[in-house]
Every structure is written in structure tokens, then in C-alpha cells.
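Please keep the sequence and the structure in view while reading.

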Amino acid sequence: MENQNLDKSVISDQPREIPFQESVPCKNPKRNKYAFACSLLASMTSVLLGYDTGVMSGAVIYIKEDLKISDVQIEILVGTINIYSLVGAALAGRTSDWIGRRYTIIFASAIFFAGAILMGFATNYGFLMFGRFVAGIGVGYALMIAPVYTAEVAPASCRGFFTSFPEVFINGGVLLGYVSNYAFSKLPTKLGWRFMLGIGVIPSVFLALGVLAMPESPRWLVMQGRLGDAKRVLDRTSDTLEESKMRLADIKEAAGIPQDCQDDSIVSVTRRSSHGEGVWRELFLHPTPAVLHILIAGIGIHFFQQASGIDAVVLYSPRIFEKAGITKDNDILLATIAVGCMKTFFILIATFLVDKVGRRVLLLSSCGGMILSLLGLATGLTIIDHSDHKLKWAIVLCICTTLSSVAFFSIGMGPIAWVYSSEIFPLRLRAQGCSIGVAVNRAMSGAILMTFISLYKAISIGGAFFLYTGIAVIAWIFFYTLLPETQGRTLEEMEELFGTFFKWRSTMKELKKNKVESDGSAQVQMENSQP
């Protein structure tokens with residue numbers, strides 16, 4: 001095999017000129033079934049976070065009773081897994097650049113397995129918190145690596161559909177957690193919550209075994225100089241062999257590998273390039289305008305996804321229903337199952353729309369719907385708080401707006417945050433850039449969950465949701481002004497969309513103009529070449 005020495009660290013900062021590519025509807029050729037299966041398996045790691053979120057919402061009812069802990073301790077117990085996941089998310093970028101995307105997924109499953117075992121056998125609050133710490137690291141790894149792997153395997157025509165799978169499985173995990181709560185609620189208090197938490201070992205085992213059947217990410221293989229292996233994966237995950245060749249050429253150019261390197265060769269790559277060193281400097285110290293715009297978009301979309309208070313709605317839904325007038329534990333747990341069903345149903349709708357209507361339409365519609373839903377929920381809870389008798393219409397309003405909040409979130413803000421952030425970062429920055437997004441996401445989720453009870457005791461539960469409504473309004477403005485549409489573009493073409501910040505619409509018009517001129521020139525050349 002041919003060995004070639006190459007220093008990829010010297011790459012031109014000028015983005016290459018690529019003709020504008022129109023949106024391509026998602027097709028279903030046989031070859032894409034392989035990419036579909038790979039994306040499905042990788043995304044199943046997100047079940048771990050979803051299950052933990054859903055199961056903890058009900059388990060805390062029994063943990064509080066069994067361990068005799070305070071509301072502040074509950075806030076810390078519920079929210080700190082997101083803070084702990086920052087450790088996993090921070091380490092996952094470098095880990096995945098070092099050992100590969102596939103083995104990082106297995107590593108995430110193994111860590112969560114250990115955390116679930118520890119939580120299931122916890123004998124006191126301190127032991128339980130240690131189990132949460134271990135599980136949180138696994139969650140951080142899983143949240144970062146699933147969208148990255150899926151985006152790097154998927155063809156451009158269906159990438160939005162495939163990269164929305166992690167959010168599908170988060171929602172599926174939430175629903176499983178709610179069902180687990182109801183199923184084990186009949187057991188004695190000391191056993192019930194331990195079974196609820198400990199049963200989380202089962203999905204992690206199946207995930208680790210399933211991932212062994214997956215190939216490595218072709219983009220990671222190219223970064224390691226393994227062009228032959230990358231070509232074989234791309235041949236199986238592309239719509240056509242012609243697309244596979246184009247994808248490989250694009251990845252080689254993005255990685256700084258000359259096109260004349262043979263596809264069946266192994267290229268010797270410098271350690272700095274292949275293991276992601278220098279990335280933090282390029283992201284934070286000396287970013288180009290395009291990279292800075294991408295970084296703001298990637299961080300912002302994750303920040304607002306959580307700052308709008310969705311985790312407070314999902315994880316504290318039992319308290320919301322209790323405040324609304326539902327008092328029996330079984331009725332509350334059944335109501336939370338309805339929340340899980342609503343989330344799962346609407347995320348499935350979103351997966352089929354994301355490549356048809358685009359990222360921006362779903363994102364803006366979702367955020368607008370959340371604004372109205374949170375406003376309705378805040379109003380209903382405030383009226384109930386200030387009423388001295390039971391108001392059935394206000395109770396119905398609170399239940400309906402809780403369900404509509406999760407529905408609107410799941411149809412846009414939920415999946416699009418993962419789809420968008422996983423596809424906009426350039427290849428050389430993708431793993432670390434996505435890990436920053438996950439870190440911000442989990443930090444905000446932890447902040448919301450660790451302050452919600454104290455917040456609503458200070459300004460009322462209705463006041464808390466009025467606050468989240470205001471944040472959602474700011475989020476809509478941010479999405480509308482700063483986030484360009486990415487539908488139908490290859491990962492290697494993303495960088496040219498960014499860099500003009502609030503003037504990105506002018507950039508899109510220029511790219512369309514170049515597309516028309518390019519097509520016209522190609523037509524003239526074709527006509528001249530004919531005899």
C-alpha cells in the first residue's frame with residue numbers, strides 16, 4: 001500500500017468556491033438503508049439521557065419519602081446530572097478524535113451502565129449522588145457523539161432526517177422512564193425507586209453490543225489518513241457511487257489531503273491534524289468570521305433550547321400537575337405518560353419534515369408555538385394560585401398548555417438544535433465544536449433544574465413560566481436574525497454560508513446568483529463540445 005507523508009495543518013483559510021446546491025428531497029434507495037441503520041444505532045445512545053430524565057421525574061417522589069431529603073436536595077439530585085455531563089461532553093470531543101466515533105459510543109454506554117448500577121444499589125443520598133456523577137459523564141459522551149457520527153455518515157439528501165434521530169430517542173427514553181415509574185410504583189418504596197433507576201442498565205448493554213456492528217465514520221477515517229476504509233464506508237452510505245466519489249473528494253479537500261492521493265492508500269498524517277490539536281485556538285483565540293458566526297450559532301441554539309424551560313416542564317411535570325389540582329400519585333404519573341407520548345409523537349413528525357420544509361421553518365414555528373404555550377401555562381398557573389376555589393377550566397388550560405409546550409418543542413427546537421449544530425462546524429472543528437454545544441446545553445439544563453423549585457417559591461410558579469416565555473421570545477429573534485438555512489447542503493459546503501452574521505441573506509442571494517451563472521457556463525461548454 002502506498003504511504004504518503006502530509007502535513008495537513010497548513011490549510012488555506014479561504015473557503016473554496018462551491019456552486020449553490022438546491023434542496024434535494026430525501027429519497028429511499030436501497031443503499032441508504034445502511035446509512036439509516038448506522039444512524040439509528042448511533043442515535044440510540046440518546047435513550048440514556050431520555051430515560052434518566054423521565055424516570056427521575058417520578059422517582060424523586062419516592063426517593064424523598066425513603067431518604068427523607070429536602071426540596072433543595074431534590075433540586076441538586078435532579079439537576080446535577082447535567083452539570084456532571086459537562087465533564088463527559090468536554091472529554092468526548094478529544095476522545096472521539098483519538099479513538100474514533102464508534103468506540104466513543106461504546107465507551108459512553110459502559111460509563112452509563114456503571115452509573116445505573118451504582119444508583120440502583122444506592123443506600124443513602126451521598127451514594128446516589130456518586131452514581132449520578134458517573135451516569136452524567138456517560139450522558140455527556142452520548143449526547144455529543146451521536147449527532148456527530150450520524151451527520152458524518154448520512155448523505156446530504158437525508159442528513160436532517162437522520163440527525164434528528166437522537167432527539168427521537170431522547171423522547172423515547174423519556175416515555176420509557178415515565179412508564180417505568182408507573183410500573184414500579186406499586187412496589188415497596190425502598191425497592192420501587194431503585195428498580196426505576198437500576199433498570200437503565202438494560203439499554204446500555206444492548207447499545208454497546210449493537211454499535212459493534214457499525215462502521216467507523218468516513219470523515220474520521222480520512223482524518224486518520226485511511227482513505228481506502230473511508231471510501232468503502234462512503235460507497236455503502238451514499239445514494240450513488242458518483243455521490244460517494246464527490247463526498248470523498250470534498251472530505252479530502254476539507255482535511256487538506258491532495259486529490260491525487262489514491263483512494264485505496266493510507267496517508268501518513270501529522271499528530272496535530274489527526275487528533276484535533278490546535279482546535280481550541282482556532283475556535284476561540286483566532287477564529288475567522290465564518291468560524292465565529294458558526295460558533296455563535298452553535299452555542300446559541302443549544303443555550304436557548306434549554307433556557308426556554310423545557311426541562312422544567314418535562315421533569316417537574318408532576319409538580320405542575322399537582323399545582324394544577326391533580327393530587328393522586330397514580331393520576332400524576334399517568335399524566336406524565338401523556339407528556340411522554342406527546343413528545344414522542346411530535347418528534348416523529350419532525351423527523352419526516354426536517355428535510356422537506358427546512359431547518360428554519362420548523363425552528364421558528366416551534367419557538368413561536370412554545371411562546372404561546374408557555375404564556376398560557378403561566379397564566380393558568382397564576383390564576384389557580386390566586387383563586388380560593390377549584391377552577392376546572394384553568395386546570396384544563398394548564399394540562400393542555402403543558403402538552404402543547406412539549407409538542408411544539410419536539411417538532412422543532414428539540415431536534416433542530418442537534419441537527420443544526422452537528423452539521424455547521426467544519427470537519428477540522430466538528431468534534432470539539434459539537435462538544436461545546438453539548439456542554440452549553442447541559443449547563444443550561446442543569447441551571448434550570450437546580451433552580452426551578454427555588455425560583456417558583458420566590459416568584460410563584462406562574463412567574464417562573466412568564467420568565468421562560470420572555471426567554472423564548474428572545475430565542476425567536478436570535479433564530480430569525482442569525483441562523484441561515486442549511487437544508488440540502490453537504491457538510492463541506494456549510495462554511496461558506498456563515499461569516500456575514502446578520503447579512504447572511506445577502507450571502508444566500510449571491511450563492512444563488514453564482515449557481516445560475518455556473519449552470520449557464522456549463523451549458524455553453526456542453527454545447528460547444530458537441531460536434
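The model is predicted, so local features need pLDDT of at least 70, side-chain atom pairs count only at pLDDT 80 or more, and totals for chains, interfaces and linings use all residues. Residues are numbered from 1 along each chain as its sequence is written, and side-chain values use heavy atoms, with hydrogens and water left out.

**Overall features**

- The protein chain has 23 helices and 2 strands; these are DSSP runs numbered from the N terminus, helices being H or I with at least four residues and strands E with at least two.
- Of its 531 residues, 59% count as buried; buried means under 20% relative accessible area, exposed over 50%, and partly exposed in between, with a 1.4 Å probe and protein chains only.
- Among contacts (heavy atoms within 4.5 Å) between residues at least 6 apart in sequence, 83% join residues at least 24 apart.
- The protein chain exposes about 20,800 Å², of which carbon and sulfur atoms supply 66%; accessible areas come from the Shrake-Rupley method with a 1.4 Å probe, and for residues only the protein chains shown count as cover.

**Nonpolar cores**

- A nonpolar core is a set of buried Ala, Val, Leu, Ile, Met, Phe, Trp, Tyr and Cys residues joined through side-chain atoms within 4.5 Å.
- The largest such core holds 137 residues, and I63, W193, F465 and F479 touch the most other members.
- Helix α5 (residues 125-153) gives the most to this core, with 15 residues.
- Apart from this core lies another of 14 residues, including V222, I251, I257 and L427.
- Beyond its neighbours within four places in sequence, I63 is in contact with M56, K68, I69, L77, L128, W193 and L197.

**Buried positions in helices**

- N82 belongs to helix α3 (residues 71-99) and counts as buried because its relative accessibility is 3%.
- The side chains of N82 and S445 are joined by a polar contact of 3.3 Å; such a contact is a pair of N or O atoms within 3.5 Å, where within protein one must be able to donate a hydrogen and the other to accept it, and residues adjacent in sequence count only if both atoms are side-chain atoms.
- A35 lies in helix α1 (residues 32-43) and is buried, with a relative accessible area of 0%.
- Although A35 and A154 are 119 residues apart in sequence, their C-alpha atoms are 5.9 Å apart in space.
- S435, in helix α21 (residues 430-459), is buried at 2% relative accessibility.
- Not counting residues up to four places away in sequence, S435 touches A89, G93, M144 and W280.

**Salt bridges**

- The structure holds 11 salt bridges, each a side-chain nitrogen of Lys or Arg within 4 Å of a carboxyl oxygen of Asp or Glu.
- R132 and D52 form one of them (2.6 Å, N to O), linking distant parts of the chain: R132 is in helix α5 and D52 in helix α2 (residues 47-67), 80 residues apart.
- Both R132 and D52 are buried.
- D229 meets R226 in a salt bridge (3.0 Å, N to O) and R232 in another (2.5 Å, N to O).
- D229 and R232 are separated by about one helical turn because they are 3 residues apart in helix α11 (residues 227-237).
- R232 counts as exposed at 52% relative accessibility, whereas D229 is partly exposed at 26%.
- Salt bridges that share partners join K64, D71 and K457 into one network.
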